[in-house]
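Dear colleague,

Please find below the structure that I am handing over to you, with an account of what was found in it. I would be grateful if you could read the notes with the model open.

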Amino acid sequence: YLRADSIYFGCTINRKREEQMKKKNKNIAGKIITVLQLIVSVICIVVAKNSGLFPRKYLTLFIVGLGVLFVLTHVFQYPKSKILRYVGMLTSLVIIIVLAGISVELMKADDFIKKVGGASYKTDNMIVVVKKEDTAKDIMDAQNYRFGYQTIVDVDNTEKMLKDIRSTVGRNIKTEEYSTLIDEANALLNGNIDAAVFNEGYLSIIDDSVEGFSDQVKILYQYGIKTKVENDTVADVNKPFNIYISGIDVSGPISTNSRSDVNLIMTVNPQNKKILLTTTPRDYYVTIPNVSGEKKDKLTHAGIYGVDASMDTLEQLYGININYYARINFTSLVKIVDALGGIDVNSDYEFKTTHGEYDIQKGMNHLDGEMALGFVRERYSFEDGDNQRGKNQEKVLTAIIQKACTPAILKNAGEVIAGVSDSVQTNMSSEEIAKFINAQIEEPSGWNIESQAVSGTGDTQTCFSSGNELLYIMLPDEASVENAALKIQKLLEK
């Protein structure tokens, strides 16, 4: 009897153990999911911390919140109620998906900041051009050609280019020296030389004096020369600072030197949330420090010598220090504007764009990407031609900055990042960018944005970069420059 009883008791215990094991096996999937949730939570926390974008107090709340969510979803796997267990598993899966998405977007943002930030060099794209109908396909086909070069500007880079050509073809080459770019360009078109060597940034200058030059030639060979850009005026991004924004339109790398069609100084005061945008006309007649000597040139031409030359020129003009620069390529304009949900631009004229044939009304217009591109490209509709086009480019770039300084940027941050990653370059380090964004997240109040523009009088003068050719320029209005400089200085001191 005792033996039978013990066997019965043992079987009962075994059945209970089996039932417990079955229950555990039933909940194992839910527990694995919550452990996966914990792993994804830790990854997301590490990514958020490493990005430097989150203020410490928000990061702490984020960690605490994820910890509480893990405890709740994990505890839900133990009750006998299947409904509670399923709710816990479903909640855990949703959290995993959300956290994975956040982690990916944070990694994209971090990669973007590292990619556009910390720029420390400029690129001079030296080229060899021949007539469009020339049969040469590469530089080796041109080894017996007579190469023309000029000696008025960019002499060092020209010498480096000639040295590279000799090294590439493996022999000395025949050369012809000219005193100006225009003389060299005309010599090529007239057949006095077979090829012309110069900085690609000068193409637009040549086009101003030799009509249709770019349409009559082709680039046979190019050689990029990188030069370090020094910056001795780094600022604390939590205190007032100046950043030079250059709007360019180049097809090559963003670091390539080129004319700067838009020249904005953005004075930022993070302490009182104020931004002052100061526009300087591209044709302003100024000296370029360490480049033109006492001779004057258009402000836009300073960009050919590098973004540092443009910064030095504006610093001299306004008597200020410019701490950072950002170069924005207009070729990605469509993506940027569309990612921002469009921009609002006030047009000085009513006209139809050549690109896209869009109707622009005088006054305020809401532009999508393609319309904005048509707006900044148009010049034939205006009596003032290129000058009005320059003003319109300034308006669009200003509108982009204004939209980017509002919460609208957060709606499509991923699209904005994808649109500008190859088209923006700044010498602000990735750490400084993250620090600035961190401060805006911590104090999310809106920015007060104000704009001003200096004026001048149109004239024709010779320019340092173009030799003896007369070009349209704008003589600065000293009073407007003085007033603009005063407003910049006041905002920096507040």
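Is aspartate 283 buried or exposed? At 3% relative accessibility, aspartate 283 counts as buried, where buried means under 20% relative accessible area, exposed over 50%, and partly exposed in between (1.4 Å probe, protein chains only).

The model is a predicted one, in which local features need pLDDT of at least 70 and side-chain atom pairs count only at pLDDT 80 or more, while totals for chains, interfaces and linings use all residues. Residues are numbered from 1 along each chain as its sequence is written, and side-chain values use heavy atoms, with hydrogens and water left out.

Overall composition

The protein has 16 helices and 19 strands; these are DSSP runs numbered from the N terminus, helices being H or I of at least four residues and strands E of at least two. Of its 494 residues, 50% are buried. The accessible surface comes to about 24,900 Å², and carbon and sulfur atoms account for 54% of that surface. Accessible areas come from the Shrake-Rupley method with a 1.4 Å probe, and for residues only the protein chains shown count as cover.

The five-stranded sheet

Five strands form an open sheet with mixed pairing, in the order β3-β2-β4-β1-β5; two strands pair if DSSP finds at least two bridges between them. The edges are held by β3 (174-178) and β5 (217-228), each with a single partner strand, so one side of each is left without a neighbour in the sheet. Strand β1 (residues 121-131) runs antiparallel to β5, and eleven bridges join the two. Within this pair, valine 128 stands opposite tyrosine 221 in β5.

Two helices accompany this sheet. Helix α4 (residues 155-169) lies across β1, β2 (146-150), β3, β4 (195-199) and β5, and runs at about 115° to β5. Helix α5 (residues 181-190) packs on the sheet and touches β1, β2, β3, β4 and β5, its direction making about 150° with that of β4. Contact means heavy atoms within 4.5 Å; axes are lines fitted to C-alpha atoms, for helices over the stretch in contact, and angles run from 0 to 180 degrees between N-to-C directions.

The six-stranded sheet

A further open sheet, of six strands and also with mixed pairing, has the order β16-β11-β6-β7-β8-β17. Its edge strands are β16 (424-426) and β17 (448-453), each of which pairs on one side only. Strands β7 (residues 262-269) and β8 (residues 274-279) are antiparallel and share six bridges; isoleucine 265 has threonine 278 in β8 as its bridge partner. Helix α16 (residues 478-493) packs on the sheet, touching β6 (241-248), β7, β8 and β17, and its direction makes about 160° with that of β8.

Lysine 273 lies in the loop between β7 and β8. Its phi is near 60°, a positive value in a residue other than glycine. Most residues other than glycine have a negative phi. At 10% relative accessibility, lysine 273 counts as buried.

Salt bridges

A search of the whole structure finds nine salt bridges, each being a side-chain nitrogen of Lys or Arg within 4 Å of a carboxyl oxygen of Asp or Glu. Three of them may interest you:

- Glutamate 176 pairs with arginine 146, with the closest N and O atoms 3.3 Å apart. The pair links strand β3 to strand β2, 30 residues apart. Glutamate 176 is partly exposed at 29% relative accessibility, and arginine 146 is partly exposed at 30%.
- Aspartate 283 meets lysine 298 in a salt bridge (3.2 Å, N to O). Aspartate 283 is in the loop between β8 and β9, and lysine 298 is in strand β10, 15 residues apart. Lysine 298 counts as buried, at 7% relative accessibility.
- Aspartate 348 pairs with lysine 395, the closest N and O atoms being 3.4 Å apart. Aspartate 348 is in the loop between β12 and β13 (351-352), and lysine 395 is in helix α12 (residues 386-404), 47 residues apart.

Salt bridges that share partners also join Asp261, Arg282, Asp283 and Lys298 into one network.

With kind regards
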